[in-house]
Amino acid sequence: MPVAPDSSPRFAQYAHPERLVSAEWLEQNLGTPGVVVVESDEDVLLYETGHIPGAVKIDWHTDLNDPVTRDFVDGERFAALLGSKGITRDTTVVLYGDKSNWWAAYALWVFTLFGHEDVRLLDGGRDKWIADGRDVTTETPSPEPVDYPVVERRDSEVRAFRDDVLAHFGNPLIDVRSPEEYSGERTTAPAYPEEGALRAGHIPTARSVPWGRAAAPDGTFRSKDELDAIYRGEAGLNDGDNVIAYCRIGERSSHTWFVLTHLLGFEGVRNYDGSWTEWGSAVRVPIVTGPTPGDLPA
Amino acid sequence: MALPTQLEQIKDEFLELGQRDRLQLLLEFSNELPPLPERYHDHPDLLERVEECQAPVFIFVEVGDDRVVHMYATAPAEAPTTRGFASILAQGLGGLTVDEVLDVPDDFPQMLGLAQAISPLRLRGMTALLGRAKRQVRQKTAA
């Protein structure tokens, strides 16, 4: 039985309000059978310094990425991972993390690749939970291992590859990196380690909407009206558009993917996880530099 | 070339452990990072905040008249991994001579057996930090 969604009125404005839960809802549902809380952070040790009581940890890098091939884990590894965290196929998974749920949204997107039905984000994430003075603990739970089925990852619906992007020209692209990365002044986010792109700039015609604009200062998502003003207004997206979002390795754009898909209700939004670390190093793909989107490649 | 004893000891501490415990040891280092000495509290660098910045980490290298190096660092509590890296380097480089610090292999972070536990990508943060420490030593000794 699915666990009833958070019926907070402030979520009702969004296209899929069942994808968000509030801290109040989560506090009441800690320990509810069928709910597993998962923390996913940028920093691999942050969970260990204190987390929501009962929450388990899934690390975007060491758990969700294949250690050899540049790809996500396969169905078998995903099944083993989730089973070890006490998650079954029917579990309501509530994800939260640092930095306005940046990495939690990435984990949610990977869960979506595997078709996990009921996966939600804690609005405001880790920082707001702590800022509100709610309980944290360093006690690590030892969930009873359960069976999670081996399901094949579905890469066609919400994931885009380089060739998909090349075939997508003429449709909207959203570049969610910092303005300096977009214009080509630099290839990495300020103060992040160099991840190896040989060229700087953006994919032709991509609009620049840095991912963090979707988050309010307290880490919660901005209101539907504010999001509409950004994505439909400034970025010019229209209902029925096929959209591809990208960043540097696909994590920041997962956050935007969540906003466009679950909060604004766009269908067919894909995340190009190869992103700039692939595009900026690929031979002969078109690139535009400077602050404007540029023209369609001939 | 052999590592200085204190770096060798840190390396051995990590390599003796299984993957999960290596993460725990990194957390212990993180918790051990001493606060910045008083004299750096109002340092202008600390006011710099880069938009969308990964854990801002600040290091201050001092070289004494005896050419002995000391390193101090600070990083926010929300960045325990970065704090751990800084703490390893502060403990591992502190007390070495200028030449010993400059001779530390640039791939020292790769010797700690952390690639699997935290991912190679994250380890680059520590490599960058070691590079910054050495650069500061060079700047302070260039006369």
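In which sense do strand 7 and strand 9 of chain A pair, and over how many bridges?

Author: Please keep in mind that this is a predicted model. Strand 7 of chain A, which covers residues 173–175, pairs with strand 9 of chain A, residues 243–246, in the parallel sense, and three bridges join the two. Within this pairing, Asp175(A) stands opposite Tyr246(A), a residue of strand 9. In general, strands of a sheet pair through backbone hydrogen bonds, and they may do so in a parallel or an antiparallel way.

The two strands belong to an open sheet of five strands in chain A, where the order is 6-10-9-7-8 and the pairing is parallel. At the edges of this sheet lie strand 6 (159–160) and strand 8 (207–208) of chain A, each of which pairs on one side only.

Turning to chain B, you will find six helices and two strands, and from the N terminus on these elements follow the order α-α-β-β-α-α-α-α. Chain B has a radius of gyration of 15 Å, which agrees with the value near 15 Å for a compact globule because that is what 143 residues would give, while its C-alpha trace spans about 45 × 40 × 25 Å along the principal axes. Of the 143 residues in chain B, 48% are buried, and chain B exposes about 7400 Å², of which carbon and sulfur atoms supply 48%. Chain B also carries 14 positive and 22 negative side chains, with the centres of the two sets 5 Å apart.

Notes:
Residues numbered from 1 in each chain as written. Chains lettered and ligands numbered in written order. Predicted model: local features only at pLDDT ≥ 70, side-chain atom pairs only at ≥ 80, totals over all residues. Heavy atoms only, no water. Helix = DSSP H or I, 4+ residues; strand = E, 2+ residues; numbered from the N terminus. Rg over C-alpha atoms; globule rule 2.2 N^0.38 Å. Buried < 20%, exposed > 50% of the residue type's maximum accessible area, 1.4 Å probe, protein only. Areas by Shrake-Rupley, 256 points an atom, 1.4 Å probe, with all protein chains shown as cover. Lys, Arg positive; Asp, Glu negative; His and termini not counted. Charge placed at Lys NZ, Arg CZ, Asp CG, Glu CD. Pairing = 2+ DSSP bridges.
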